[in-house]
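Colleague: I am new to this structure and would like to learn how to read it feature by feature. Could you take me through it slowly?

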Amino acid sequence: MSAAQDRRYLALALSLGRRGQGRTWPNPAVGCVIVNDGRIVGRGWTAPGGRPHAEPQALAQAGDAARGATAYVSLEPCAHHGKTPPCSQALIDAGIARVVAPLEDTDPRVSGQGFAQLRAAGIEVTTGLLADQAEADHAGFFIRTEQGRPFVTLKLANSFDGRIATATGDSQWITGPVARRAVHAMRMRNDAVMVGAGTARGDDPSLTVRDMGVDHQPVRVVVSRRLDLPLSGLLARTAKDVPVWLCHGADADDMLQQTWDGLGAELIRCDVTGGHLDPRSVLQGLGAAGLTRVFCEGGGALAASLLAADLVDELVGFSAGVVIGAEGTPAIGAMGLARLVEAPRFELIETRDLGGDVLHRWRRSGG
Ligand code: AOF
Ligand code: ZN
């Protein structure tokens, strides 16, 4: 198989894997393509909920055609007896001759052992191809296994001058329909959508994915130290249908904790430091609950606390050609910075015109 063909089939496996993003947590979203004699005989990706894994599904499709074939997998096949039998063994048993996968799995139960088992069984293993893409696709899973927290994307939709509302709170709409649709597509690829208490009180958001032709909804996370959230709002009314997780402090009123529990919300107790919920503790709590990719949509106080703690991995901005002025609400609250060297820095990875608004994406520098 030529290097160009390897790249093509592995790129396909990676794109199949991305289909699962937002639905496979706590597991990574993996893709697998099986190729025999230049023909694709099996395709699979990690199922919602994380199982079955990608490889057994692709192998089942391939049947006998897996014998002597090459398996392209977007991550090292698992080697452990977890909630499913090891994929390395399934590939060996099916008679796969060669495995092409970009990177090792960071789960300590697997890390390197999947490749080692395949090699020990006489299977040729090629690694390193498209590693940057795989690193980006699996960033959430990798950060959770290595640091215990999810990958955080901070999304802001603001005026040219960085405001998200006028002084009277008028905010609908700053960006146009094309940009707003892109936000729904992004929500869908994340395990959870997260906002601060001020946004939950002020906007009464539903935080759901709409009009995308899918039944999948990310978890809705609200960060609220005191749980002083509207009990008759959209989140409260729909908590039994689409998960609502509330990150709160130990000092939140007991009655409110019970009320939200009764409404169907999941309560995650986090540390309070300096009078505020500690953003590290919030993310550790979400990571411990299994989340790998969190999409934060503000408001300004939560955004500032995540940025000040250097916990934002990606910034997604939607900037509109409207100017609101200094009395409008800033997208990001006070960060207490004295010097520019203390400011978190990001590198530009994409810009796009989205129906007249500008999409810009930034990755955290040196991360
Ligand atoms: C694969 N293919 O499609 C995925 C893998 O709890 P279990 O048994 O489902 O195992 C979860 C672990 O399997 C997870 O932490 C990660 O290491 C690996 N995920 N591996 O071969 C897949 N999703
Ligand atoms: Zn597996």
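**Helices, domains and a glycine**

Modeller: Helix H11 (residues 279-288) is mostly covered, since seven of its 10 residues are buried, where buried means under 20% relative accessible area, exposed over 50% and partly exposed in between, with a 1.4 Å probe and protein chains only. Helices (H or I, at least four residues) and strands (E, at least two) are DSSP runs, numbered from the N terminus. This is a predicted model, in which local features need pLDDT of at least 70 and side-chain atom pairs count only at pLDDT 80 or more, while totals for chains, interfaces and linings use all residues. Residues are numbered from 1 along each chain as its sequence is written, chains are lettered from A and ligands numbered from 1 in the order in which they are written, and side-chain values use heavy atoms, with hydrogens and water left out.

Colleague: Which residues of H11 are buried?

Modeller: They are Pro 279, Ser 281, Val 282, Leu 283, Gly 285, Leu 286 and Gly 287.

Colleague: What caps the N-terminal end of H11, and what follows the helix?

Modeller: The cap is Asp 278, which has a side-chain oxygen 3.0 Å from the backbone nitrogen of Arg 280, and after H11 comes Gly 290, with a positive phi near 110 degrees. At the start of helix H10 (residues 254-263), a side-chain oxygen of Asp 253 comes within 3.0 Å of the backbone nitrogen of Met 255, and just after H10, Gly 264 has a positive phi of about 105 degrees.

Colleague: How should I read the area between domain 1 and domain 2?

Modeller: The size of an interface is often given as the accessible area lost when the parts come together. Here the chain is divided into domain 1 (3-138) and domain 2 (148-364), with bounds that come from an automatic or database domain assignment. The buried area, which is the accessible area (1.4 Å probe) that two parts lose on being put together, summed over both, is about 890 Å² between domain 1 and domain 2, and carbon and sulfur atoms give 52% of it. In domain 1, the residues losing the most area to domain 2 are Gln 21, Arg 23 and Trp 25, together 60% of what that side buries.

Colleague: Is Gly 31 buried or exposed?

Modeller: Gly 31, found in strand S1 (residues 31-36), is buried, with a relative accessible area of 0%. Leaving out residues up to four places away in sequence, Gly 31 touches several residues, among them Leu 16, Trp 45 and Tyr 72, where contact means heavy atoms within 4.5 Å.

How values were computed. A polar contact is a pair of N or O atoms within 3.5 Å; within protein, one must be able to donate a hydrogen and the other to accept it, and residues adjacent in sequence count only if both atoms are side-chain atoms.
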